[in-house]
Amino acid sequence: MPFDDNHQKPASNRGDRPCGTAGTQGTPGRAGATGATGPITGATGPTGPVGVTGVTGVTGVTGPTGPNLSVLYLASDQSVSNDGWVGLGTASSVSSFPASTVVMPTGMTIVGLTFNIRDNTLSDGDTVTATLYVSTCGFDTPTDTGISATIVGPSDADTPNCVATGSGSFAVTQGMLLAAQITTSPTNAALSEGVAIAVLFTMP
């Protein structure tokens, strides 16, 4: 049937039909290029506050008690012969132990001695020994403490060898007398410059 522009088209020819089904999603595009690096690292921040002091640790175990050493000096500037005695600045013959003794101020234990023959010379193989003896009052024969020191020659200006030490343990009581006996080999040798001795004690 004829129609003109003033009449509606038949419904079958209008553009209001239902839409079709949506198509599948397209493939994602490629990643874009990496952007340029940002600005340089910023300034370091200020130091934080100091933390609180930690708890003090426990006190360690007490160490062992050290030695309680005392020293008594014996010496002589006189010549000393074989079996002679040395005390505090004195020297005497073999029969004069009491004349060279010093007194113990309290009960102590003798633990050693250091012996020096100064610049007296010794030939190769010569020996000089200092041995400590004690007595109550000097009437009786003095008792050997078993503590001695021996120097073996040679000893001279070219090969000085003037010192020896000895150790042991011998208890003495307050008021006892002490002296050192010097023995030489050969027995006819004499130490014209005297000798010096330091006696070591431990106190109770």
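This briefing describes the fold, the core, the aromatic residues and some individual sites of the structure shown above. The model is a predicted one, and the protein in it has 0 helices and 12 strands. With a radius of gyration of 53 Å, well over the 17 Å that the globule rule gives for 204 residues, the protein is more spread out than a compact globule.

**Overall shape and composition**

- Read along the sequence, the elements follow the pattern β-β-β-β-β-β-β-β-β-β-β-β, and the C-alpha atoms fill a box of roughly 175 × 45 × 30 Å when this is taken along the principal axes.
- Buried residues account for 27% of the 204 residues in the protein, while the exposed surface comes to about 13800 Å², of which carbon and sulfur atoms supply 55%.

**The largest nonpolar core**

- The largest nonpolar core has 30 residues, and the members that touch the most others are Ile110, Phe115, Leu132, Leu178, Ile182 and Ile197.
- Two or more residues of this core come from each of strand E6 (108-116), strand E7 (127-135), strand E8 (143-152), strand E9 (163-172), strand E10 (177-185) and strand E12 (196-202).
- Phe115 shows how one such member is surrounded: leaving aside residues up to four places away in sequence, Phe115 touches Val128, Thr129, Ala130, Ala149, Ile151, Cys162, Val163, Ala164, Ile182, Val195, Ala196 and Ile197.

**The aromatic cluster**

- The structure holds 2 aromatic pairs, and the residues Trp85, Phe97 and Tyr133 form one aromatic cluster.
- Trp85 and Phe97 make an edge-to-face pair, with 5.0 Å from centre to centre and 70° between the planes; because Trp85 lies in strand E3 (residues 84-86) and Phe97 in the loop between E4 and E5, the pair ties together parts that are 12 residues apart in sequence.
- Trp85 is buried at a relative accessible area of 4%, and Phe97 also counts as buried, at 3% relative accessibility.
- The rings of Trp85 and Tyr133 have centres 5.2 Å apart and planes at 85°, so this pair too is edge-to-face; since Trp85 belongs to strand E3 and Tyr133 to strand E7, the pair ties together parts that are 48 residues apart in sequence.
- Tyr133, like Trp85, is buried.

- Thr101 is found in the loop between strand E4 (91-92) and strand E5 (102-103), and with a relative accessible area of 19% it is buried, because the cut-off for buried is under 20%.
- The side chain of Thr101 reaches the backbone oxygen of Pro98 at 2.9 Å, and, not counting residues up to four places away in sequence, Thr101 touches Leu177, Leu178 and Ala179.
- Gly166 is placed in strand E9 and counts as buried at 16% relative accessibility; apart from its neighbours within four places in sequence, Gly166 is in contact with Val111, Gly112, Leu113, Ile147, Ser148 and Ala149.
- Gly166 and Ala189, which are 23 residues apart in sequence, have 22 Å between their C-alpha atoms.
- Ser79, in the loop between strand E1 (69-75) and strand E2 (80-81), is partly exposed, with a relative accessible area of 41%.
- The C-alpha atoms of Ser79 and Ala91 are separated by 7.4 Å, although the two residues are 12 residues apart along the chain; not counting residues up to four places away in sequence, Ser79 touches Ala91, Ala190, Leu191 and Ser192.

**Backbone features in the loops**

- A cis peptide bond with omega of about 15° joins Gly153 and Pro154, and Pro154 lies in the loop between E8 and E9.
- Another cis peptide bond, with omega of about 5°, joins Ser185 and Pro186, where Pro186 is found in the loop between E10 and strand E11 (190-191).
- Asp83 has a positive phi of about 70° although it is not a glycine; Asp83 sits in the loop between E2 and E3 and counts as partly exposed at 27% relative accessibility.
- Arg118 also has a positive phi, of about 60°, without being a glycine; Arg118 is placed in the loop between E6 and E7 and is partly exposed, at 31% relative accessibility.

Methods: Residues numbered from 1 in each chain as written. Predicted model: local features only at pLDDT ≥ 70, side-chain atom pairs only at ≥ 80, totals over all residues. Heavy atoms only, no water. Core = buried A, V, L, I, M, F, W, Y, C linked by side-chain atoms within 4.5 Å. Buried < 20%, exposed > 50% of the residue type's maximum accessible area, 1.4 Å probe, protein only. Helix = DSSP H or I, 4+ residues; strand = E, 2+ residues; numbered from the N terminus. Contact = heavy atoms within 4.5 Å. Polar contact = N/O pair within 3.5 Å; in protein donor to acceptor, adjacent residues only side chain to side chain. Phe/Tyr/Trp six-rings, centres within 6.5 Å; stacked < 30°, edge-to-face > 60°. Rg over C-alpha atoms; globule rule 2.2 N^0.38 Å. Areas by Shrake-Rupley, 256 points an atom, 1.4 Å probe, with all protein chains shown as cover.
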